Amino acid sequence: MRLCFLVEEHYRHDGMPLDVVRQLAAWGHRVDVLRPGNSLMAISEAVRAGSHDAWVLKTVSGGPGLTLLEAAAAVGLTTVNDVRSIRGVRDKALAAVIARTRGLPVPVTYAAARWERLAEIPASEYPLVVKPADGSSGRAVRLVPTPDHLVELGPELAGEGLLIAQPYVPNSGTDLKVYCVDGELYATERCSPLHPGQGVRERQVPLGGEVARIAAQVGEVFGLDLYGVDVLLGPDGPVVVDINDFPSFRKVPDAVARVSRAVLRLARTGTAVSAPAPALAQEPAGPAADPVRLPVQGAAVGVGGAGLIDGLGRADLVNGGVGGAI
């Protein structure tokens, strides 16, 4: 198969997805890596059917890669994840509305284009967690204990665009991250970025039934196949505080091979698998794990069957020894 990975500068040296790119190339597939943040693109000529089986995006929120992926989907090319699903979770304000409307446990969410307007939130809602609606990788996430602290943090929040604020969910200082890959759920725990002094070692943990149900529902609601869900175990039960398309999959057993196989299956079929599939001829299976397997869902990729690249100028090819950008 021939695939195109869109990789932003922020991730140009990261193992996820570059190790996936290398794995796919080792299995004999043709993988083009495009860095949209550092390329001149003849986009009107480049986005065309016939040259790739699927496009895969690893980009920061607000990065140019999502526009390219949307252009590919607009002309009928397959995208992993579905570009509409990615847009739905990249905008955290939009994601909060969709999630609460569909019954997912997310906090009440306030939004304001200027940080000063957040001062109108009732004092009874504090402490607050405030972050940019288009944030990623923990950028500018702030714990605001009181209205007075909001005034102190105001200059740091200025210029971040649309902001969202949610009442803080009391918790142990440990975040639970649930990853979905190839129809299976894996849970890891790690120290919360809001409580860096907890000293929690990141590790894989058993996944409880209620959290598994919530994580599976996230995939159904947003139409995602490869995704991560940040969950806090609050006093009233699990609460979803963030959703990511194509996350790091840290601590997932044999993550590179699992993600690689998932990308290939989605490129071929457009549907997540519901039962373990036999290893493909050039794709050896990874070690056994104890995930929670999801039931089959509807297609969560864009409709189509091919990608692009000729004419993008600086695409990097990963096959047959070519691949200078990674």
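The legends below describe several close-up views of one predicted model.

**Notes for all views.** The model is predicted, so local features need pLDDT of at least 70 and side-chain atom pairs count only at pLDDT 80 or more, while totals for chains, interfaces and linings use all residues. Residues are numbered from 1 along each chain as its sequence is written, and side-chain values use heavy atoms, with hydrogens and water left out.

View 1. The secondary structure of the chain comes to eight helices and 15 strands, where helices (H or I, at least four residues) and strands (E, at least two) are DSSP runs numbered from the N terminus. Of the 326 residues in the chain, 52% are buried; buried means under 20% relative accessible area, exposed means over 50%, and partly exposed lies in between, with a 1.4 Å probe and protein chains only. Among contacts (heavy atoms within 4.5 Å) between residues at least 6 apart in sequence, 69% join residues at least 24 apart.

**View 2. An open sheet of four strands.** Strands of a sheet pair through backbone hydrogen bonds, either parallel or antiparallel. Here the four strands follow the order E5-E8-E6-E7, and their pairing is antiparallel; two strands count as paired if DSSP finds at least two bridges between them. Strand E5 (110-112) and strand E7 (142-144) stand at the edges with a single partner strand each, so one side of each is left without a neighbour in the sheet. From one strand to the next, the twist averages 25°. Strand E6 (residues 128-132) and strand E8 (residues 163-167) are joined in the antiparallel sense over five bridges, and Lys131 stands opposite Ile164 in E8. Helix H6 (residues 147-157) lies across E6, E7 and E8, and runs at about 160° to E7, with axes taken as lines fitted to C-alpha atoms, for helices over the stretch in contact, and angles running from 0 to 180 degrees between N-to-C directions.

**View 3. Helix H1 crossing helix H8.** Two packed helices are described by the angle between their axes and the distance between the axes. The axes of helix H1 (residues 15-26) and helix H8 (residues 255-269) come within 9 Å and cross at roughly 70°. That makes H1 roughly perpendicular to H8, a term for angles of 65 to 115 degrees, whereas angles under 35 count as roughly parallel, over 145 as roughly antiparallel, and the rest as oblique. On the side of H1, the contact is made by Met16, Asp19, Val20, Gln23 and Leu24, and on the side of H8 by Ala255, Val256, Val259, Ser260 and Leu264. Within helix H1 lies Pro17, which is joined to Met16 by a cis peptide bond with omega of about 25°.

View 4. Strand E1 (residues 2-7) is mostly covered, with five of its six residues buried. E1 pairs with strand E2 (residues 30-34) in the parallel sense over five bridges, and the bridge partner of Leu6 in E2 is Leu34. Glu8, in the loop between E1 and H1, is buried at a relative accessible area of 4%. The C-alpha atoms of Glu8 and Pro64 are separated by 8.0 Å, although these residues are 56 residues apart along the chain. Leaving aside residues up to four places away in sequence, Glu8 touches Pro36, Gly37, Lys58, Thr59, Val60, Gly63, Pro64 and Gly65.

**View 5. Helix H4 and its surroundings.** Helix H4 (residues 83-90) is mostly covered, since six of its eight residues are buried, namely Val83, Ser85, Ile86, Gly88, Val89 and Arg90. These buried residues pack against several elements, including strand E3 (54-58), helix H3 (65-74) and helix H5 (92-101). In the loop between E4 and H4 is Asn81, and a cis peptide bond with omega of about -5° joins Val80 to Asn81.

**View 6. Two loop residues with positive phi.** Most residues other than glycine have a negative phi, and most peptide bonds are trans. Asp182, in the loop between strand E9 (174-181) and strand E10 (184-191), has a positive phi of about 55° although it is not a glycine, and Asp182 is buried, with a relative accessible area of 15%. Phe249, in the loop between E13 and H8, has a positive phi near 55° and counts as buried at 1% relative accessibility.
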